[in-house]
Every structure is written in C-alpha cells, then in structure tokens.
Amino acid sequence: MKQRMITGVVGAIVLLSVVVIGGLVFTLAIAAVASIAMHELLKMKQIKTYSFMGLVSFLFMWILLVPEAWMDIPLLQHVSKVELFLMMILLLLALTVVTKNTFTFDEAGFVILSSVYIGYGFYHLLLTRNVEENGLVLVFLVLFIIWAADSGAFFVGKKWGKHKLWPEISPKKTVEGFAGGIIAAGVIGAVFHHFFPVFSSWMVLAGFIVVTSVFGQLGDLVESALKRHYAVKDSGKVLPGHGGILDRFDSLIFVLPVLHFLHFFG
C-alpha cells in the first residue's frame, strides 16, 4: 500500500506538471504514454512490438494520436485524419487476401480496435488541453472527477459493498462502490468548479460530472474485461503498486471521447 501511495503521488505530480506546461512537451509526453499503453495491449495478446503486426498497430495508433497540424504535408493536404485511417483499414483488409490469411481478419480487427482505443483516447486528451481559454482547467476537472470516482468507489465498496456490480468482469467491484464513486465525484467536481468555474450552468456541470464518473468507471471495467480475456492481472509493471499505463489511464481515455461527442467542450 505504501508503494502504491508513493507511486500515485509522484505520478500525479508529474502528470499535472506536464499538463500545466502544455504545448509540445505535453504532446510528446502523451505520445510516449500512449506508446507504452499500446505496447502493453500488444503484450496482452502476446504480440511482439517489433513484429509486423506490432508495427502496423503502432502506425495506426500514431495516425489517430498525433495533432492534425503534424499531418499538414503536401501529399495529405486534402485528406482528413479519419479518411486516411479508413483507407488504411481497407489496405489492411486487403492484406488478409494478399497474405492468404497468414494475416487474418481477426488480427486486422485487433489492430483496428486497439489503435482506436489507445490512439483516439489519448488524442482527445490532447484536444481537451488545447481547448481555447480553459483547456488546462478542463483537463484538471476531468482528472479530479475520475480520481474522486475511483477513490470513492474503492472506499465505499470496501466499507459498505454487498452487491456485486459485474462479478464476471471485476469480482471486487460493487453497486454501492459504483454509487459512492459518483457521489465522491459530485462533491469534488462541485468544489473544484466553485473555485475554477468552467460551465455557466450548474445543470451542465451536474451532467458533466455524472457522465465523467459513470463512463470513467465503465472505462475501468472495459480494461478489466480486456485483462480477464487475456488472463493477466495488470496491463504492465511500469508503475510500481499500480500496474501499467493502461491500468491508470483506462478511465481517462474512455471518457474523453464521450465528453467531446456530447459537446461538453463546445
């Protein structure tokens, strides 16, 4: 527990510092974190990073991750990031024919889904930080709500948890813990917003907190389902006491695309 707390505090300080710095430093740091997360996901499926399938997965992920300004080159001037990604999917599917199913449809599916999961998730973190005027505050608000929901779910579930939330996926999570996470997120979110207001309406803030805490916890369950499917305890060992990058960023990369889809960031 002591090691977990030390890693958590140090990790939070480093992350928040990089968020504050922003710009190229933040972009490169998130690119590095996303790359480690991709490596962890490949390792779960027992795919070597430098294999053909591993390199293709990284290429797909990086295309979705990098800012669109970085892709402003003459050859791709009239092609959007999504269009480029879709074209690469078609080429990937064609590859199953060219290789006579040595590279299978299932493997192509893994490359596509894993690159979207990691690439688009972290891309929306970059997008949020670059929101004009209040990008920094928005990232902090999302992080604090997610951390509050995670802590609230843990302590409430440990103290009062009786009804299993989804035992086939995560045996220790409870309905009481899930509700406790939402309540804790509400308290922290409201206090944070009192000092650093972002939304003009408390109703919008309430919706933002509920969506962030609910989908954040759902994102944690998605990663738990992945680990259970591939029979691993943690996604990695890069964070002592916490596991891997995916174990710590699973909620964040799941909830941010949802918040953007619902236009909470304008």
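Contact means heavy atoms within 4.5 Å. Helices are DSSP runs (H or I, at least four residues), numbered from the N terminus. This is a predicted model: local features need pLDDT of at least 70, side-chain atom pairs count only at pLDDT 80 or more, and totals for chains, interfaces and linings use all residues. Residues are numbered from 1 along each chain as its sequence is written, and side-chain values use heavy atoms, without hydrogens and water.

**Exercise 1.** Describe how α8 and α9 pack.

Step 1. Take the geometry: helix α9 spans residues 245-261, the angle to α8 is about 130 degrees, and the axes lie 7 Å apart. Axes are lines fitted to C-alpha atoms over the stretch in contact, and angles run from 0 to 180 degrees between N-to-C directions.

Step 2. Classify. Under 35 degrees is roughly parallel, over 145 roughly antiparallel, 65 to 115 roughly perpendicular, and the rest oblique. The pair is therefore oblique.

Step 3. List partners. Phe-208, Phe-215 and Lys-227 are among the α8 residues that meet α9, whose side includes Leu-246, Phe-254 and Leu-259.

**Exercise 2.** Is Ile-209 buried or exposed?

Step 1. Locate Ile-209: helix α8, residues 202-229.

Step 2. Apply the cut-offs: buried is under 20% relative accessible area, exposed over 50%, partly exposed in between (1.4 Å probe, protein chains only). At 7%, Ile-209 is buried.

Step 3. Name neighbours. Beyond four places in sequence, Ile-209 touches Ile-145, Ala-185, Gly-186, Gly-189 and Ala-190.

**Exercise 3.** Which residues does His-124 touch?

Step 1. His-124 sits in helix α5, residues 105-129.

Step 2. Leaving out residues up to four places away in sequence, the partners are Leu-256, Pro-257 and His-260.

Step 3. His-124 is buried, at 10% relative accessible area.

How values were computed
Helices (H or I, at least four residues) and strands (E, at least two) are DSSP runs, numbered from the N terminus.
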